[in-house]
Amino acid sequence: PSSSPLATMVRSHVRVLVVGGGRIARVHLANIRSSSTITLIGVVEPVPEAQAFIKEEFSTKVFATLKEALGEVGGDVDGIVICTPTDTHPALIKEGLLAGKGVFCEKPIAFDVSLVDELYLLAKEKNLPLLCGFQRRHDNSFVKLKELIDQGAIGTLHKIRTTSRDHPFPPIEYLRISGGIVYDCASHDVDEMRWFTGEDPVSVYTVGSAFNPEVGAIPDVDTLEILFKFPSGVVGSVDISRFSESGYDQRVEAHGSKGSILAGNEKETTVEVRTVAGYNTDPSKGSFPSRYVQAYSTEMDHFANLLLGTEAEPRLSHEDVHKVHVILHAAHQSLKTGEIVKINYDSWKF
């Protein structure tokens, strides 16, 4: 949307409902609490134990359903932040948009590309922002890497490699409902690939293994490599693993005709001990809430600015999210068939 309905009002802050009370919801709740531009109106969380924690920790109203929340405090709400299991996203997004609220939703918007399109078209019809939560686009290190590529700091880009290794190993109960490693983990990397290169890959080859028998029984894999070929000739590779004993491993390397750019892991401290035994440093930060503190905060500020109308367009467009899903489906097909898959973007007609 070119502007939010709130843009016609003189406002310095926005009011939001958060839907969900799990780990990522609590990250966003902490950022909202510390924000000077966002006011928390309430949280939607049906689980009693989580309700009690949220009431005590964030001193806010808690509702069992979004319908209940909108019925009681909807007039005081400008935007909705959705942090619930993936299969609930489409219905909650639709409910929020139909209620006249801007929506931020953790990825994915939906698994079905046509449903992604339906929701973005509804947001456009209502002139409301719909922002998908790919927080790495807001990470200062990755933003700088992107800027340096665009400035020609390494000449012509030849290769781009992302590494995303999970820590700690996720609970098997979560993995059973995650939608699979391609959609759950690689979606961030696919978005980064398109962003860093400014191109859509033309083909993909995916290979994976399940070293944990419980993962294999889902069935899914816990170790994955995805290779992309881009129209310019750039080769992209995505290294995904559910295992990373040294901490949350999140790296990017761009290689070009004049050199390379590296974005490395963040550590708990910068202390380095140097002795005859060698150099010793802290491990990488433990998991996504600590690694992406700045990115999540910047992302939520961006959503607030969209609601206020001080930023006109989401940093992730309908086209971005649509094409990420097309690529993920192709990568998943390649994993199942063991073949290189040509990626068809004919479904993008908007």
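The model is predicted: local features need pLDDT of at least 70, side-chain atom pairs count only at pLDDT 80 or more, and totals for chains, interfaces and linings use all residues. Residues are numbered from 1 along each chain as its sequence is written, and side-chain values use heavy atoms, with hydrogens and water left out. Helices (H or I, at least four residues) and strands (E, at least two) are DSSP runs numbered from the N terminus.

**Nonpolar core**

- The largest nonpolar core has 96 residues, of which Leu17, Ile93, Ile109 and Phe228 touch the most other members. Such a core is a set of buried Ala, Val, Leu, Ile, Met, Phe, Trp, Tyr and Cys residues joined through side-chain atoms within 4.5 Å, where buried means under 20% relative accessible area, exposed over 50% and partly exposed in between (1.4 Å probe, protein chains only).
- Helix H12 (residues 293-308) gives the most to this core, with 8 residues.
- Beyond its neighbours within four places in sequence, Leu17 is in contact (heavy atoms within 4.5 Å) with residues including Ile41, Val43, Phe63, Leu66, Leu70 and Val81.

**Helix H6**

- Phe142, Leu145, Lys146 and Ile149 are the buried residues of helix H6 (residues 140-150). They lie on the same side of H6, because they cover an arc of only 100° around the axis, taken from the directions from the helix axis to the C-beta atoms.
- Exposed Asn140 and Lys144 are carried on the face of H6 turned away from its buried side.
- The cover over the buried residues of H6 includes strand S7 (157-165), helix H9 (186-197) and strand S11 (249-256).
- At the start of H6, a side-chain oxygen of Asp139 comes to within 3.1 Å of the backbone nitrogen of Ser141. After H6 comes Gly152, with a positive phi near 80°.

**The seven-stranded sheet**

- An open sheet of 7 strands runs in the order S12-S11-S7-S10-S9-S8-S15, with mixed pairing. S12 and strand S15 (341-342) stand at the edges with a single partner strand each, so one side of each has no neighbour in the sheet.
- Strand S9 (residues 223-229) pairs antiparallel with strand S10 (residues 235-241) over 7 bridges; two strands pair if DSSP finds at least two bridges between them. Lys229 stands opposite Val235 in S10, and Leu224 has Ile240 as its bridge partner.
- The hairpin of S9 and S10 has 5 residues between the strands, and Gly233 in the turn has a positive phi of about 105°.
- Strand S8 (residues 203-209) is joined to S9 by 7 bridges in the antiparallel sense, and Thr206 stands opposite Ile226 in S9.
- The covered face of S9 holds Leu224, Ile226 and Phe228, whereas Thr223, Glu225, Leu227 and Lys229 are on the uncovered one.

**Ser178**

- Ser178 is in the loop between helix H7 (172-177) and helix H8 (181-184), and is buried at a relative accessible area of 4%.
- A polar atom of the Ser178 side chain lies 3.2 Å from the backbone nitrogen of Gly180. Not counting residues up to four places away in sequence, Ser178 touches Phe111, Asp184 and Arg242.

**Cysteines**

- The whole structure has 0 disulfides, a disulfide being a pair of cysteine sulfur atoms within 2.5 Å.
- Cys132 is buried, with a relative accessible area of 1%; its sulfur is 6.7 Å from the closest cysteine sulfur, in Cys105, too far for a bond.
- Cys185 is buried, with a relative accessible area of 13%; its sulfur is 15 Å from the closest cysteine sulfur, in Cys132, too far for a bond.

Technical notes
A polar contact is a pair of N or O atoms within 3.5 Å; within protein, one must be able to donate a hydrogen and the other to accept it, and residues adjacent in sequence count only if both atoms are side-chain atoms.
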